[in-house]
Amino acid sequence: MWSLIADAVQIPGLALIESTLKLNREFLVETPVWEWNDITKNRLVGPDRHVFCKLELLQKTGSFKPRGALCVMKSLSREQLLRGVTCVSAGNHALAVAYAARLLGTTAHVVMPRTASKARITSCHDLGAAISLEEDIASAFSKVRQIEEDERRYFVHPFEGPLTALGNATLGLEFFRQVPDLSSIIIPVGGGGLCAGISLAIKQLNPKCKIIAVEPSGANSLQRSLISGRPEKLDSVETIADSLGSPCAMEYSFRVCQKFVDEIVTISDESIRRGMGVLFSCAKIAAEPAGAASTAALLESLSQKQTGPRVGLLVCGSNIDIRSFCQLADDSLTVGGTSEGMDRFVTATTSQTVRG
Ligand SMILES: Cc1ncc(COP(=O)(O)O)c(C=O)c1O
């Protein structure tokens, strides 16, 4: 069921990933795959590349996070479930933990930064979680330690550990079944748990499929860790993709990524904005910045030589309010390549109309 890939680093085998996917069917949905196939794709990515978007932002709670949270929380004893769970999160993980707690008949006390989106805080509240709001990430961590001690709740980590990876691996298996012959998959990285889970599944199913990890340039803990050969901490994090803003890599996810990631690229906030704009223009999808990171990497820097002809994108988070989406998304790329292109397009259309 589990096999060893390095000292004390165990990964789940396919049979276990499969049975976990089946067991979680009760609580989660199989998210669809959308093939991006239009003239904008041909112009921006090339006619010879096929692009398949795994729309995991349609998962329960709006991101892939319940896959891992459920796996971890289902492993708890009756006594642990009676005492409840806790976590720290800017949103998606808190929503997942609140959702899983409700399904498993336990309670969640989540700690969120005061700056977290109001929509995410309200959704956590609607799912029945108790919420503590803290000024910054350091005070959020001391608050959660206090909750663990005072309320004896179990701490559900946002990305680290074999059970979280097992849950995330079910997403890799599901995607493989929908599109079995991908030449590459582009996976957004925060702490690295999503990338660890998907890559360990994909490399067992289709070892030829290349795993390309993508991080914001202002939150590149995995890139630095891969260079140094050990999990690294960042002094500061700077990105519009708050869900990818982990300040550190951690041992387990790092070791799995070290084994399976073929290439890692970083992207700017500007390209994340373009990715959001392109997804909206072409698919009418409103992704949060993290959910547009794979698309951004494909548009910004990845050549056909790097990705191969059949590319999988993880579009895995939708938790953003309308106002923030409109402020962040940039659609200039979908029209003429630049906003100047947009001006030319408008002028041409206007002059045609006048002639007609
Ligand atoms: C939408 C979204 N995408 C990607 C990630 C990155 O996942 P990980 O922290 O496991 O690397 C997160 C993490 O919360 C997320 O919410």
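Leucine 76 lies in the loop that joins helix H3 (65–74) to helix H4 (78–83), helices being DSSP runs of H or I with at least four residues, numbered from the N terminus. The structure is a predicted model, in which local features need pLDDT of at least 70 and side-chain atom pairs count only at pLDDT 80 or more, whereas totals for chains, interfaces and linings use all residues. Residues are numbered from 1 along each chain as its sequence is written.

Leucine 76 is partly exposed, with 17 other C-beta atoms within 10 Å; on this scale 20 or more such atoms make a residue buried and 12 or fewer exposed, with C-beta atoms placed from the backbone. Residues up to four places away in sequence aside, leucine 76 touches Leu81 and Tyr154, contact meaning C-beta atoms, placed from the backbone, within 7 Å.

The largest nonpolar core has 102 residues, of which Val97, Ala98, Ile187 and Ala213 touch the most other members. Such a core is a set of buried Ala, Val, Leu, Ile, Met, Phe, Trp, Tyr and Cys residues joined through C-beta atoms within 7 Å. Both domain 1 (2–62 + 161–335) and domain 2 (68–155) give residues to this core, so it lies between them; the domain bounds come from an automatic or database assignment. Beyond its neighbours within four places in sequence, valine 97 is in contact with Ala69, Val85, Cys87, Ala108, Val110 and Val156.

Around the ligand there are 20 residues, of which Asn92, Gly190, Gly193, Ser243 and Gly317 come nearest; a residue is counted if its C-beta atom, placed from the backbone, lies within 6 Å of the molecule. Helix H5 (92–103) and helix H9 (193–205) are the elements that give two or more residues to this shell, and H9 gives the most, with three.

Definitions and conventions:
Contact = placed C-beta atoms within 7 Å.
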